[in-house]
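Subject: Handover of a structure and summary of findings

Dear colleague,

Please find below the structure that I am passing to you.

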Amino acid sequence: MEIVEVLFHKEDQAFDCKSIQIDPKVLAITIVAFANADGGTIVNGVSDKNRKIEGVVQHTEKLNELLRVPLDFCNPSVSINSNLSLCIDKI
C-alpha cells in the first residue's frame with residue numbers, strides 16, 4: 001500500500017492507523033479484533049487522529065515493542081505479517 005493510499009484510506013473494520021506512541025496493550029485490542037474478524041491492516045507510524053506521518057525509524061525500540069504485541073499481549077498469541085515501507089517525503 002502506497003503512503004498516499006494510507007493517508008486517504010478511511011478507517012473501517014479492516015483498516016486502522018496507529019501512532020508509533022500507542023500503548024502496546026491498546027494496540028493488542030485492535031489486533032485481537034482483526035484476528036476475530038476477517039483480518040485487517042494496521043499502519044503504525046501514522047497518527048490515527050490527524051493522519052500525520054510520524055515514521056518509525058527514529059523509534060526503533062518502540063517499534064520492536066509494538067511488533068512483540070501479538071506474542072506478549074494477545075492470548076492466545078496472534079500470527080501477523082509485518083512490512084516496513086519506506087517513506088522519503090511527507091505529503
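Glu 5 lies in helix 1; helices (H or I, at least four residues) and strands (E, at least two) are DSSP runs, numbered from the N terminus. Please note that this is a predicted model, in which local features need pLDDT of at least 70 and side-chain atom pairs count only at pLDDT 80 or more, while totals for chains, interfaces and linings use all residues. Residues are numbered from 1 along each chain as its sequence is written, and side-chain values use heavy atoms, with hydrogens and water left out.

With a relative accessible area of 43%, Glu 5 is partly exposed. On this scale, buried means under 20% relative accessible area, exposed over 50%, and partly exposed in between (1.4 Å probe, protein chains only). Glu 2, in the segment before helix 1, is exposed, at a relative accessible area of 56%. A polar atom of the Glu 5 side chain lies 2.7 Å from the backbone nitrogen of Glu 2.

Two C-alpha to C-alpha distances relate this region to later residues. Glu 5 and Asp 48 are 14 Å apart in space and 43 residues apart in sequence. For Glu 2 and Asn 50, the separation is 18 Å in space and 48 residues in sequence.

**The paired strands**

Strand 1 (residues 15-18) and strand 2 (residues 41-44) run parallel and are joined by four bridges; two strands pair if DSSP finds at least two bridges between them.

Asp 16 stands opposite Ile 42 in strand 2. The relative accessible area of Asp 16 is 13%, so this residue counts as buried. Its side chain makes a polar contact with the side chain of Lys 18 (3.2 Å). A polar contact is a pair of N or O atoms within 3.5 Å; within protein, one must be able to donate a hydrogen and the other to accept it, and residues adjacent in sequence count only if both atoms are side-chain atoms.

**The loop between strand 2 and helix 3**

Ser 47 is placed in the loop between strand 2 and helix 3. Ser 47 is buried, because its relative accessibility is 10%. The side chains of Ser 47 and Asn 50 form a polar contact (3.1 Å).

Arg 51 is found in the loop between strand 2 and helix 3 as well, and is buried at 18% relative accessibility. Its phi is near 55 degrees, a positive value in a residue other than glycine.

**The largest pocket**

The volume of the largest pocket is about 1,200 Å³. A pocket is, on a 1 Å grid over the protein atoms alone, an open set of points where a 1.4 Å probe fits, with protein on both sides within 12 Å along at least five of seven lines; lining residues have an atom within 4 Å of a point. Of its 39 lining residues, Ile 42, Val 43, Asn 44, Asn 83 and Leu 84 are the closest to the centre. Helix 1 (3-8), helix 2, strand 2 and helix 3 (60-67) each give two or more residues to the lining.

Pro 70 is in helix 4 and is buried, at 1% relative accessibility.

Pro 76 is in the segment after helix 4 (69-72). A cis peptide bond, with omega about 0 degrees, joins Asn 75 and Pro 76. Most peptide bonds are trans.

With kind regards

Key
Grid points are joined across faces, edges and corners, and a volume is the space filled by probe spheres set on the points.
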